[in-house]
Every structure is written in structure tokens, then in C-alpha cells.
Amino acid sequence: MKTAVCFFAILGCTLAFPKLDWSNIEAKNVYIEPINPVDDIPGGRVIGGTIVTPNAHPYQAAIIINDRSFCGGSLISTRWVLTAAHCTSGSVINHGSYSSSTLNNDVSVINLPSAVTLNSNVNTIALAPASSGTFVGSQAYLTGWGRTSDSSNAVSPVLRGVSTVGGCNGDSGGPLTVNGVEVGIVSFGSSSCQAGNPTAYARVSSFRSWITTNTGV
């Protein structure tokens, strides 16, 4: 399995991987439909969102697997990217107890072949400590390249963000942040994003010891 990582500071992943056929790039998602429909649709989701200011989220990473599958991720050190295990199953370092059937422990880290140079355009993000609470009531922010409508089959050509907790196809593995600290990793959601169905996240604080053991971060 070949995994490539590019960062938002690059003007576009197309520039980094010019030989890729972007029309064939597909989001690597997992769908679990809700038991009951959602009564109230949240005010905003990454399915629409707004285009983020260039370099405003220097930790954001795009992960391309075998020149075809796409996921998001976050730079947590000069050598490590944090993402979801369902994005990288079979390669890099997946959580040892990850289950593809239940999606428990949907966490993975990618060891970069060489250290990246940190600057104002490419930088790391802090992770929620193990002692963190649930962040209930906090304003969260999600960024990603997820599709912009249910009718679209392609990931977004630009990074988008929204102050909510709902993602869509292509946002898998991406960071959910609160006050600039990563608290969640996009795990799964419904195939109908515009219906306002919830998105599930892997709680970063629950995996801090595992992340430290495997990355030193």
C-alpha cells in the first residue's frame, strides 16, 4: 500500500502529485446510518462550509492511498501525522485493537519518511490531554476536503471549515478542534450528509497514551 501525504500549505495537492488523475480520487469513508432521523439540521456542516483562509490551519494534512483513496489528517510532530485507522488499514501504525466491523479504536499514525520543516504555513497541532473532559458545550471547528453536496461524488478541490461537528465524505481522519486543540478524529457518519445526521469521532484524549507510545508526542 502506497501512502502519500501533502499539506495545506502546498497551493494544491495537484501541484504536489501532478501525475494523479484527480477525477478518480475517492473519499475513503465508512457509513453507519442513524436509527432515528434527525429533527433539527445543524446550522452548518463541512458539506457546505466556507473556504478557509490560506495557511490558517497549517496542521491540516491530505492523505492519498494508492493514488486513489482520500482522507484527512493532522500533523502532530515533524515526523508524524494522526488520522483514522479505517483510512490506513493494512499499513503504517493502526491501533492494535481497531475493528473494521465496529470501528472501535479508529485511530492511526503515519510516520513520514523525513521530518518536515515547520513554519507559518506548515505546523503542528496540540492534542487534547488524557485528562480532558468531554468538551460538551464547547464550540468546535472542523476542517476537511469532504464533498460539498450529497449529489457530488468528488472531494472538494479546496479546504473548507465549519464551526459544527458534522462532516461528510472525504473528511474522514481529519481534525475536530476546540480552541486550537485537536479533540476528535473524524471516524464515520451517514451517507446522507445534508440530512443533518450526526458524525462520529474518535476521542483524542482516550488515545493519548497510545499516541505517545507510538510517536513520542
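Trainee: Which elements of the chain have the lowest and the highest mean pLDDT?
Mentor: Helix H1 (residues 13-16) has the lowest, 43, and strand E9 (residues 126-127) the highest, 98. pLDDT is the predictor's confidence in each residue, from 0 to 100. Helices (H or I, at least four residues) and strands (E, at least two) are DSSP runs, numbered from the N terminus. This is a predicted model, where local features need pLDDT of at least 70, side-chain atom pairs count only at pLDDT 80 or more, and totals for chains, interfaces and linings use all residues. Residues are numbered from 1 along each chain as its sequence is written, and side-chain values use heavy atoms, without hydrogens and water.

Trainee: What is the mean pLDDT of the chain?
Mentor: The mean is 80, and 75% of the residues reach 70 or more. Over residues 8-18, pLDDT is below 50.

Trainee: New topic. How many aromatic pairs does a search of the whole structure find?
Mentor: One. The ring centres of Phe70 and Trp145 are 5.8 Å apart and the planes stand at 85°, so the pair is edge-to-face. Rings of Phe, Tyr and Trp (its six-membered ring) pair if their centres lie within 6.5 Å; planes under 30 degrees apart count as stacked, over 60 as edge-to-face and the rest as tilted.

Trainee: Is Phe70 buried or exposed?
Mentor: Buried, at 2% relative accessibility. Buried means under 20% relative accessible area, exposed over 50%, partly exposed in between (1.4 Å probe, protein chains only). Trp145 is buried too, with 7%.

Trainee: And where is Asp106?
Mentor: Asp106 is in the loop between strand E7 (93-94) and strand E8 (108-111). Asp106 counts as buried, at 1% relative accessibility.

How values were computed:
Contact means heavy atoms within 4.5 Å.
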